[in-house]
Structure formats: C-alpha cells, structure tokens
Amino acid sequence: MSRPVVFDLFHTLIQGADEERGRVVGETAVMVGVAPGDLVAAYHASWRDRLVR
C-alpha cells in the first residue's frame, strides 16, 4: 500500500525559522529604525502572505 509523503522544504506548513534568521531580521530592524522585536514578530506573522504574493 502506498502512502503520501509531504515535504515542507520552505517551512510553509510549520514554523521553521531558526535563530539566525531571527537575528538577521533583528539586525535589519536596527538598520531601518524599527524595534527588533516588532519586526521579528511581523516577519513571523506575515510568512504566508510573503510566500503567496
């Protein structure tokens, strides 16, 4: 009996951001004058929209 396999190569199904990605987004926030925690939160909250648009 065959069984389906689901691959999540770009972390579109589950949260897959690693610590380095959060660090880079935080550093970007400092460069543009935004609170790092706010940009990291927005980045994580908007992942689906960024992937489908």
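Analyst: Let us begin with a definition: helices are DSSP runs of at least four residues and strands are runs of at least two, numbered from the N terminus. In this predicted model, the elements of the chain run α-α-α from the N terminus on.

User: How many helices and how many strands does the chain have?

Analyst: The chain has three helices and zero strands.

User: What is the mean pLDDT of the chain, and which helices have the lowest and the highest values?

Analyst: The general idea is that pLDDT gives the predictor's confidence in each residue, from 0 to 100. Here the chain averages 82, and 79% of the residues score at least 70. Among the elements, helix H2 (residues 36-45) has the highest mean pLDDT, 89, while helix H3 (residues 47-52) has the lowest, 80.

User: How is the span of a helix such as H1 to be read?

Analyst: One compares the reach of the helix with the span expected at 1.5 Å a residue. H1 has 14 residues and reaches 20 Å from its first C-alpha to its last, close to the expected 20 Å.

User: Which residues of H1 are buried?

Analyst: A residue counts as buried when its relative accessible area is under 20%. In H1 the buried residues are Val 25, Gly 26 and Ala 29. They lie on the same side of H1, because they cover an arc of only 105° around the axis. On the other side of H1, Val 30 and Met 31 are exposed. Of the 53 residues of the chain, 6% count as buried.

User: Why do residues three or four places apart in an α-helix point the same way?

Analyst: An α-helix has 3.6 residues a turn, so residues at that spacing point the same way. A case in this structure is the pair Arg 23 and Glu 27, which both lie in helix H1, four residues apart, about one turn of the helix.

User: What joins the side chains of Arg 23 and Glu 27?

Analyst: Their side chains meet in a salt bridge, with 2.7 Å from N to O. The cut-off for such a contact is 4 Å, and by this rule the count comes to one salt bridge.

User: Are Arg 23 and Glu 27 buried, partly exposed or exposed?

Analyst: Arg 23 counts as partly exposed because its relative accessibility is 42%. Glu 27 is also partly exposed, with a relative accessible area of 38%. Glu 27 and Val 40 are 13 residues apart in sequence, and their C-alpha atoms are 9.8 Å apart in space.

User: Which residues form a nonpolar patch on the surface?

Analyst: The patch consists of Met 31, Val 32 and Val 34, with about 310 Å² of accessible area together. Val 32 lies in helix H1 (residues 19-32) and counts as exposed because its relative accessibility is 57%. The chain exposes about 4,700 Å², and carbon and sulfur atoms supply 61% of it.

Methods: Residues numbered from 1 in each chain as written. Heavy atoms only, no water. Patch = residues over 30% accessible without salt bridge, like charges linked within 9 Å, V, L, I, M, F, W, Y side chains within 5 Å. Areas by Shrake-Rupley, 256 points an atom, 1.4 Å probe, with all protein chains shown as cover. Buried < 20%, exposed > 50% of the residue type's maximum accessible area, 1.4 Å probe, protein only. Expected span 1.5 Å × (residues − 1). Arc of directions from axis to C-beta.
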